[in-house]
Amino acid sequence: MSLTVEIFLVRADGEVEVQATPEGVPDSAGPESWRTLVWGSRAIRSLGARFFPDLVRGGLVAPDETPAFLAECALVRGHLERLAELTRRPDRTVGQHTGHIGSRLAIIEETALRAREMGGGVLIW
């Protein structure tokens, strides 16, 4: 299984409406195990991240929090190698793990940018 990152809009009645991901646009936020091993890890918490650790419970970023979430993505991007060192498994080098986290983070960032443009929020599940 894999974590998926999607955009949601809040309808006038307060209900959340998940938007379809456009064809050909990647939506993987990493393997399911990353919910706790990377995005919810002690290492990411030590950076001061607050949104990513919420993935342990099913990560939802409200539309008005999307700019703050993008700032957190930039924070994480600035510490990718350290995050990789602290969360890698023995079957992968730090460089490989850094690249893997970076590619998934790029997908999350791109989705968050689209969400901001639409006035929506980000859902990672």
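Predicted model: local features only at pLDDT ≥ 70, side-chain atom pairs only at ≥ 80, totals over all residues.
Biologist: Which residue forms a salt bridge with Glu85?

Modeller: A salt bridge is a side-chain nitrogen of Lys or Arg within 4 Å of a carboxyl oxygen of Asp or Glu. The partner of Glu85 is Arg82, and their closest N and O atoms are 3.3 Å apart. Because the two residues are three apart in helix α4, about one helical turn separates Glu85 from Arg82. Arg82 is partly exposed, because its relative accessibility is 46%.

Biologist: How many salt bridges does the structure hold?

Modeller: There are six salt bridges in the structure. One of them joins Arg11 to Glu17, with 3.9 Å between the closest N and O atoms, and Arg11, Asp13 and Glu17 are linked in a network of salt bridges. Arg11 is partly exposed at 38% relative accessible area, and Glu17 is partly exposed at 35%. In another salt bridge, the side chains of Glu65 and Arg50 meet at 3.8 Å, N to O. This pair links distant parts of the chain, as Glu65 lies in the loop between β4 and α3 and Arg50 in the loop between α2 (42-46) and β4, 15 residues apart. Glu65 is partly exposed at 25% relative accessibility, and Arg50 is partly exposed at 47%.

Biologist: How many helices and strands are in the protein chain?

Modeller: Helices (H or I, at least four residues) and strands (E, at least two) are DSSP runs, numbered from the N terminus. The protein chain has five helices and five strands, and from the N terminus on its elements run β-β-β-α-α-β-α-α-α-β.

Biologist: How far does helix α5 reach from its first C-alpha to its last?

Modeller: The expected span of a helix is 1.5 Å times one less than its number of residues. Helix α5 (residues 94-118) has 25 residues and reaches 36 Å, close to the 36 Å expected. Its buried residues include His97, Ile101, Leu105, Ile108 and Ala115.

Biologist: What do the buried residues of α5 pack against?

Modeller: A contact means heavy atoms within 4.5 Å. The buried residues of α5 pack against several elements, among them β1, β3 (28-31), α3 (66-77) and β5 (121-124). Just after α5, Gly119 takes a positive phi of about 75 degrees.

Biologist: How can I see the folding back of the chain, and what separation do the C-alpha atoms of Ala62 and Gly119 have?

Modeller: The C-alpha atoms of Ala62 and Gly119 are separated by 9.7 Å, although these residues are 57 apart along the chain. Ala62 is in the loop between β4 (60-61) and α3, and it is partly exposed, with a relative accessible area of 23%. Not counting residues up to four places away in sequence, Ala62 touches Phe8 and Gly121. For the protein chain, among contacts between residues at least 6 apart in sequence, 66% join residues at least 24 apart.

Note on methods:
Residues numbered from 1 in each chain as written. Heavy atoms only, no water. Buried < 20%, exposed > 50% of the residue type's maximum accessible area, 1.4 Å probe, protein only.
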